[in-house]
Amino acid sequence: MLAHATHGLLYLLILTMLITGYLLATAKGNSINFFDLFTLPALIDSDAYARTLGKIHLYSAWALILFAVLHALGALKHTLIDRDKTLKRML
């Protein structure tokens, strides 16, 4: 149950990082050119939103790191303490 909750949080944090990173990068009203293939438009133009998005992006990054470490520790616990095949199954 803890593994499923951690997986869900990891995916949610990755999605949060993606969205806030895009909005933060375009917060000054500039679009993003993606390798000359296409252009992503700016959706907002506000310094106040940029500060808030920056905080959300930063805290999401730290939470993502924390839960990734927790996930790795859980895999090691299964290998070293429980002596089951969880890590081999994951690899």
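Trainee: Which residues in α2 are buried?

Mentor: Ala 50, Leu 53, Ser 60 and Ala 75 are the buried ones in α2. Buried means under 20% relative accessible area, exposed means over 50%, and partly exposed is in between (1.4 Å probe, protein chains only). The cover over the buried residues of α2 includes α1 and α3 (86-90).

Trainee: Before we go on, what kind of model is this?

Mentor: This is a predicted model, in which local features need pLDDT of at least 70 and side-chain atom pairs count only at pLDDT 80 or more, while totals for chains, interfaces and linings use all residues. Residues are numbered from 1 along each chain as its sequence is written, and side-chain values use heavy atoms, with hydrogens and water left out.

Trainee: What makes a stretch count as a helix or a strand?

Mentor: Both are DSSP runs, numbered from the N terminus: helices are H or I with at least four residues, and strands are E with at least two. By that count the protein chain has three helices and two strands. Their order from the N terminus is α-β-β-α-α.

Trainee: Why is the chain called more spread out than a compact globule?

Mentor: Its radius of gyration is 18 Å, well over the 12 Å that the globule rule gives for 91 residues, so the protein chain is more spread out than a compact globule. The radius is taken over C-alpha atoms, and the rule is 2.2 Å times the number of residues to the power 0.38. Along the principal axes, the C-alpha trace spans about 55 × 30 × 15 Å. Of the 91 residues, 16% count as buried.

Trainee: How do you know that the span of α1 agrees with what a helix should have?

Mentor: The expected span is 1.5 Å times one less than the number of residues. For the 24 residues of α1 that should be 34 Å, and the end C-alpha atoms are 34 Å apart, so the two agree. As for α2 (47-80), its 34 residues reach 49 Å from first C-alpha to last, close to the 50 Å expected.

Trainee: What do the buried residues of α1 pack against?

Mentor: They pack against β1, β2 (38-40) and α2. Among the buried residues of α1 are Thr 6, Leu 10, Leu 13 and Met 17.

Trainee: Why is Thr 6 called buried?

Mentor: Thr 6 has 6% relative accessibility, so it counts as buried. Leaving aside neighbours within four places in sequence, Thr 6 is in contact (heavy atoms within 4.5 Å) with Phe 67, Leu 70 and His 71.

Trainee: And why is Thr 26 buried?

Mentor: Its relative accessible area is 0%, so Thr 26 is buried. Thr 26 is found in the loop between α1 (2-25) and β1 (32-34). Not counting residues up to four places away in sequence, Thr 26 touches Ile 32, Pro 41, Ala 42, Leu 43 and Ile 44.

Trainee: What makes Phe 35 exposed?

Mentor: Its relative accessible area is 68%, so Phe 35 is exposed. Phe 35 lies in the loop between β1 and β2, and has a positive phi of about 50° although it is not a glycine.

Trainee: How do you know that Asp 36 is exposed?

Mentor: Asp 36 has 67% relative accessibility, so it counts as exposed. Asp 36 is also in the loop between β1 and β2, with a positive phi of about 60° although it is not a glycine.

Trainee: Last one: why does His 78 count as partly exposed?

Mentor: His 78 is at 27% relative accessibility, so it counts as partly exposed. His 78 is found in helix α2, and leaving aside neighbours within four places in sequence, it is in contact with Arg 83, Asp 84 and Thr 86.
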